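Please read the following note beside the sequence and the model, and look up each residue as it is named. The points go from the whole chain to single residues.

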Amino acid sequence: KSTIIEFKDFIALIDMPIVQEGGGAKNLKDHYVEGNQIIETLKNYFPKKPLKYILSSHWHPHSISSVLPFVTNKTTIVTTKSNFKKIQEFVDSTTYNNYKNYFLFVENDSFNIEDKTNKIVIYRITQEDYPSVPTKDFLYFYFPKYNIFNSACMYFRLDTKIKNQELIYDR
C-alpha cells in the first residue's frame, strides 16, 4: 500500500505498488500507463499540491513499479544507490542522464524532508545491521508530528494476541 504525506505546498508518496511482484521479479519494467494514472489521481485529490517526492523503501515491484512518468513530471525519486541499481533495469541511461537531478540517494543513516507543517525522517538500514531486510538496504519512514513509523512491507502479523492486542513481529 502507498502512503500519501501532505505538506504545506506539496505531497510525497511512500512506495508505489502497481504490481504485486516481490524480490523474485525477473523482468523489471516501467508501468508507465499506471504511473500516469497515479499522477492524475493525485492531481484530482490534491489539485494545488504537486507530487514532489516518491519515497521508495526498496526496489521490489510491489514497492516501486514506475519511474519515468514521475521524473518527467519533476518528481524526485528518493531511494538508495544499491536499490537504484535494480530500478535502473527500467530506467535507461538516457532517461537517467536527462533527469538525474530527480534522483536523490539516502547514503547516510537518515535524511529529512520537512517544511513548517510536516516532517519525514527517512532512515536507511542495511542487511549488515538487520539481516531480515529484503534488500541490501532499506528505507523506513518516521513522522514526528504523528509519532508514526512506516516500515512498508517489513512486518509480520502473528495469529496470536497478547492481552487482546495483535502481535506484530520481525519480518
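1. Of the 171 residues in the chain, 41% are buried, where buried means under 20% relative accessible area, exposed means over 50%, and partly exposed covers what is in between (1.4 Å probe, protein chains only). The accessible surface of the chain comes to about 10100 Å², and 47% of this surface belongs to carbon and sulfur atoms; such areas come from the Shrake-Rupley method with a 1.4 Å probe, and for residues only the protein chains shown count as cover.

2. Please keep in mind that this is a predicted model, in which local features need pLDDT of at least 70 and side-chain atom pairs count only at pLDDT 80 or more, while totals for chains, interfaces and linings use all residues. Residues are numbered from 1 along each chain as its sequence is written, and side-chain values use heavy atoms, with hydrogens and water left out.

3. The secondary structure of the chain comes to four helices and eleven strands, where helices (H or I, at least four residues) and strands (E, at least two) are DSSP runs numbered from the N terminus. Among contacts between residues at least 6 apart in sequence, 58% join residues at least 24 apart, a contact being defined as heavy atoms within 4.5 Å.

4. Five strands form an open sheet in the order E1-E2-E3-E4-E5, with mixed pairing; two strands pair if DSSP finds at least two bridges between them. Strand E1 (3-6) and strand E5 (103-105) are the edge strands, each of which pairs on one side only. Neighbouring strands of this sheet are turned by 20° against each other on average, direction ignored, with axes taken as lines fitted to C-alpha atoms (for helices over the stretch in contact) and angles running from 0 to 180 degrees between N-to-C directions. Strand E4 (residues 76-79) pairs with E5 in the parallel sense over three bridges, and the bridge partner of Thr79 in E5 is Phe105.

5. Asp15 is found in the loop between strand E2 (11-14) and helix H1 (32-45), and Lys74 in the loop between helix H2 (68-71) and E4. Asp15 is buried, with a relative accessible area of 4%, whereas Lys74 counts as exposed at 57% relative accessibility.

6. Is Asn83 buried or exposed? Asn83, which has its place in helix H3 (residues 81-87), counts as buried because its relative accessibility is 1%. Leaving aside neighbours within four places in sequence, Asn83 is in contact with Ser57, His58, Trp59, Thr135 and Asp137. The side chain of Asn83 makes a polar contact with the side chain of Thr135 (3.5 Å), and a polar atom of the Asn83 side chain lies 3.0 Å from the backbone oxygen of Asp137. A polar contact here is a pair of N or O atoms within 3.5 Å; within protein, one must be able to donate a hydrogen and the other to accept it, and residues adjacent in sequence count only if both atoms are side-chain atoms.

7. A search of the whole structure finds eight aromatic pairs; rings of Phe, Tyr and Trp (its six-membered ring) pair if their centres lie within 6.5 Å, and planes under 30 degrees apart count as stacked, over 60 as edge-to-face and the rest as tilted. One of them is the edge-to-face pair of Phe10 and Tyr53, with 5.8 Å centre to centre and 70° between the planes. This pair links distant parts of the chain, since Phe10 is in the loop between E1 and E2 while Tyr53 is in strand E3 (residues 51-55), 43 residues apart. Phe10 is buried at 9% relative accessible area, and Tyr53 counts as buried at 14%.

8. Tyr96 and Phe103 form a tilted aromatic pair, 5.4 Å centre to centre with 45° between the planes. Tyr96 is partly exposed, with a relative accessible area of 22%, whereas Phe103 counts as buried at 8%. Phe84, Tyr96, Phe103 and Phe105 form one aromatic cluster.
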